[in-house]
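Subject: Structure handover

Hello,

I am passing this structure on to you. Please open it and keep it in view as you read.

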Amino acid sequence: MCRSEVISLRKKMSQAGNLREDTEEAGPSVDSENPEERIAARRLRIAARNEAKKRQELGDNSHEKKEIKEETRKSQHQVEQSEKRMIKLQSDGTELVTNIQVAADSRESQRRAELEEAHRHRVEKLENEAKSSLEKFEEITRKWTVAKMKEIPQDLRDSLNSQQQLCALLIEDKNKLIHELQQEIKLSDDRYVKDLKKQAEDVDLMIERMEDQVKFLMGSYRDELDQIEKSFEHERKILLTGNRTKWEQHMKERRDKELENVMQRMKRVEEYEVLLQQLRTEDAEEYNMIKIKLDTDVQILEQQLQQMKATYQLNQEKLEYNFQVLKKRDEENTITKSQQKRKITRLQDVVNNLKIKCANQEKQSREENQNLTDDYTRIMQQYKHMQKKMRHFAAIDAKTFEEVWLMNEEEVKALVEKALDTDRLVHEQQLGLAWQRPPLAFMERCGPLQPQRQAQKTAHQAISELLRLGCSLGKGKYQEAGVGPEAGVGPDAGVGPGAESPGLAVEVYESGAGLESGSSEVEREGSGGEHSGTVSVKTVKKLLELLCDEAGFLIESKLLKLLSPLEKDEQSLMKLDSIFTAMGIESEEDVYKLADFFMKYRQTQGEQAQDVSAKEGVASPQAERGEHTSSCSPTSDLIHPNDVLVALRAYTAHHCRPREVAAPHQPSMLGLGGRDDSEDAAYWEAMADVIPEAKLKIWGALETALDKYHIVLTERSQFITDTQSLKQQNTELRMLLHQYVNSRVNAELEIPPTLVMQLAPE
Amino acid sequence: MTATMSKSPGVGMYPPVAKLNLAADPRKMRRIIAEDPEWSLTIVPLLSSLCLQHIVINFEEKPILEELLPSHKDYVLERLSPSLPLQVTANLINDEGYWKRCCKQRWGLCDVSSYGHSWKRMFFERHLENIIELFIPDATDPKTVLDMVPLSRNYVKRLDISQLLPPIKEPQKSEDDDNSDSASDMGMDGPSIDHFDFGILLDKMSHLEELHVVYRVKGCGMNFEWNLFEFTFRDCESLAKALKSCKTLRVLRIHQSKVDDEKCRQLVNNLLDHPSLRELNLSHNLIGDRGARAIGKLLNRSKLESLTVYDNNIRGPGAQAIAYALAKNSSLLSLNLRLNRLGDEGGQAIAQALLKNRTLEWLHLGGNEMTEPTATVLSQVLVQNNTLRSINLSCNRLGIDGGKVLEEGMSHNSSMVECDIRLTEVGQESDYCISQVVRNNQNQAHRKRNTQEINTK
């Protein structure tokens, strides 16, 4: 067993040592007994290795990019492989070494099993033996009792002999057993010795194997190390050769380059030498030429120098003379200069004096000016004060006037009322007629008469109205149209009573005059209507909007800022207002005038542009207007925004001049002198003539008749008083009688007067 | 001078007598002797060197070392005699060179690598071992040992006691020899054959980490007697107490000492909850099931990492006890149960435990009379457990079927690096497959290790 194991160990080691081939490789094995076969196997292996190498190289060629990587890998690969191989070798070796131990273990366990078995057998045997011997012993003991019973000596001897025999048998059995056991002991001793020997052998073998293993491992480690080193060497060599070739290549390149440089340099040197030579000759020639030329030049210059010297001599003398003259002049000049200086100082003094004077003068005038301005301001203040006072007084006057007026009016009204009352009383009580109250418009009136202008609409109102109307376009137009007739009804109604009672005619007229403003308004409204006929409200509105957009420059920037939060309509209203104030348009009329002007302007422009000469003279203005309206009705055909400014300027040029002319009158009026008292007399007259002449006549006749009636009535009253006094006397008398009748004296009388009385009435 | 220099090799070659009388001493002829570092031109030695020499000579009476300059110290240490009494040198000299000389002088052959490359440690360990190994109870004075304690306690880390002498036999004792052969260990009367009592030593050794003890006599030769190889109950008791008192012990090895169940239990009882014990080796003893049960108890009441109880008499029940402990254990890395009598009962129990255990890496179950049933459970273990790295099942009759089952289990495993199935009567095919898997695993592990190394670099 030991031998075979050693052989197998050797084989395994060799196998492990040559582990470079594939273990799975079939065919001739390196481990086979036949040496030829082994050789064949090795050859095959070498061929395979070469092939593998080639393949690797091919692979290297195909993957040239990874060459460096793979090359570094080669050594690593080698290291790894060696490592693997060594691990395998080691494990194999340890396995071999431990094989002995394992074998010993298995033997030991087997021995133990056997021992156990033997032990069991022995125990069994011993037990059997003990049993049988016990039986025998029992037999013997039993026989003892039998023997005791025996009295015959022979019998006893026989029995004793048999007993002895039995005992001997028993002892023999025991001895046999002991002998067997001793044999076993001997056997086991032998075995122990054998085991010991075996173990010693095993140990020897183990040591031997260990040594072999160590030797072999050392050898293979060395081999592997050599191989690894070889591979590294190889790599290094490759690297070295590669680097050397590279290096040489670089060196060669460098050498070539240097050679080339040297050649170039030499060539250049030659060239330069030639050039130098050439230059030198050229320069020499040039030098010669220049030298000759310069020589001649020098000669010429020397001649010139001589000449110049002569002239210099001459000049020097001349100059010396001049110098003397100039010196003289200089002296003179210094004298005059000093004189001039003195003069200058003097004049400077004069100038200073004058300056001082001038300053004084200026100061004075400034003071004067200050005084004057002070005066002016004071006077202005006084003037303002006066104005204020005047206004105050005017206001007070107006107030007092109004108060007086009111008072008087009240009085007069009361009187009128009284007169009317009396008239009514006369009519109703005396004449028995139905009384009708005359229309008294002025009675409703209160306070002094106002000037007409106030009634007129301002431009602002007009605009607002227009804008408002514009909102409700067509409707507004109708309304406006409707306003005209309504306004017209007022005077008609007023005229009615006037026709009825002639006494009131004047009054009616007066009221008509009072309402002149209204009528004029009506007229204007009419004209407005007319305007709206020609220039519709819509167009006017559009115009205004245009104005608002185009004439924005007339609006103050502050106002614009203030307007920004307002609504659009209101904004435009305010803007227009400010524009109109800037342009001087104040009344509605002006507004319409402006609109009209614009229309006309456009028309004229249009006509000018169109040059329609045929219709110009012939067509009636009405037709023209109609046409105009028709042409104007589309709002888009309004005056062009660009023309608005031109039109505006034209308008202001046309219309604002008269205003300017009229302007100086306005301040003199001061807002209160304008009251005309022409209508006052008529008013008061109308008050006084409340009762007409016819009625006065009626009143006269009535008075006379009433006087007569009065006289009659007084007589009657006389008579009534007489009768009343008589009645009173009568009653008094009756009272006295009664008194007498009822007195006590009567009772004492024989015949009482009562009886008489009773008798008397009967 | 050049002449002398050129001459000198010639002078060295030939005996000086053959030369001229002037060159009687070749050294005298030379003005510079370059090869001798001690050489100096001065004829009278320096006072300092004289003093140092004096110190060396009288070191025993007046040990002066620490006060010296470093260069002088080296000079003195080089010249000190290795035979100086330990009382002087032990705690004074730490120089390795000196102790190396001591060791070399005393034992000749020395391998310092197994002593942590410390010559001093080696000297004291071997010295103490020698003293204990030659200690004869009742004859030798315990003071010889105790005297060494203060000198060596700081340097001794391991004690490998390879023999313990019994007391000198008295004539009456020799008569009992016949009895001692056949009689049980318990029958022996105590004091006569008790060995060295470790109790007096271990509790004083504050650096002791390893203790290897064999209760036997080396090289007894033809004087062999059974009672030379006894481990008495009292020995056991004293050893157990000593072990308990030694808190630094990491490795304990008591082998070939006839430790039976009772002694094992005694030892284990004293080792329970030992703070530092990591390795326990009780191989080549007589431990049976009860002892195994005790060991199982110890497993989970200590921090044992390695347990070796090969060549004992542990059977199924004992293995079950160990397996029960193993299932709950989380510290044991290595378990060796070689050459026991576990049988299938024990083998299956151990394998079942391995299904739960997640720490054990190394397992040896060789020579345990296990058969196919164990193999089937083990194949499960191979599939489920991935901490186990090495398993040894040699010398078990697993049979061809068992081999196939193992092969099946192995094919799902990726952690096993070693698997020994020699002499298990498995089929060659299975053997080959298993070795293939193991090799793959090895390669993977190797690769992993390599990459880790590269990463750490």
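Below are notes on the interface, then on one helix.

Please bear in mind that this is a predicted model.

The interface

Start where chain A meets chain B. On chain A, 18 residues are in contact with 17 residues of chain B. The two chains bury about 1400 Å² between them. Carbon and sulfur atoms account for 45% of that area. On the chain A side, the most area is lost to chain B by Val102(A), Asp105(A) and Arg112(A). Together these residues make up 36% of what that side buries.

Glu116(A) forms a salt bridge with Arg315(B). Their closest N and O atoms are 3.2 Å apart. Across the interface, 9 residue pairs are in polar contact. The residues of chain A that touch chain B divide into 9 charged, 5 polar and 4 nonpolar.

The helix

Next, look at helix α18 of chain B, residues 372–384. How far apart are its end C-alpha atoms? They are 19 Å apart. At 1.5 Å a residue, the 13 residues should span 18 Å, so the two values agree.

Which residues of α18(B) are buried? They are Thr374(B), Ala375(B), Val377(B), Leu378(B), Ser379(B), Val381(B) and Leu382(B). What covers these buried residues includes α17 (343–356), β8 (390–392) and α19 (399–410) of chain B.

Best wishes

Conventions. Residues numbered from 1 in each chain as written. Chains lettered and ligands numbered in written order. Predicted model: local features only at pLDDT ≥ 70, side-chain atom pairs only at ≥ 80, totals over all residues. Heavy atoms only, no water. Contact = heavy atoms within 4.5 Å. Buried area = accessible area lost by both parts, 1.4 Å probe. Salt bridge = Lys/Arg side-chain N within 4 Å of Asp/Glu carboxyl O. Polar contact = N/O pair within 3.5 Å; in protein donor to acceptor, adjacent residues only side chain to side chain. Nonpolar A, V, L, I, M, F, W, Y, C, P; charged D, E, K, R; others polar. Helix = DSSP H or I, 4+ residues; strand = E, 2+ residues; numbered from the N terminus. Expected span 1.5 Å × (residues − 1). Buried < 20%, exposed > 50% of the residue type's maximum accessible area, 1.4 Å probe, protein only.
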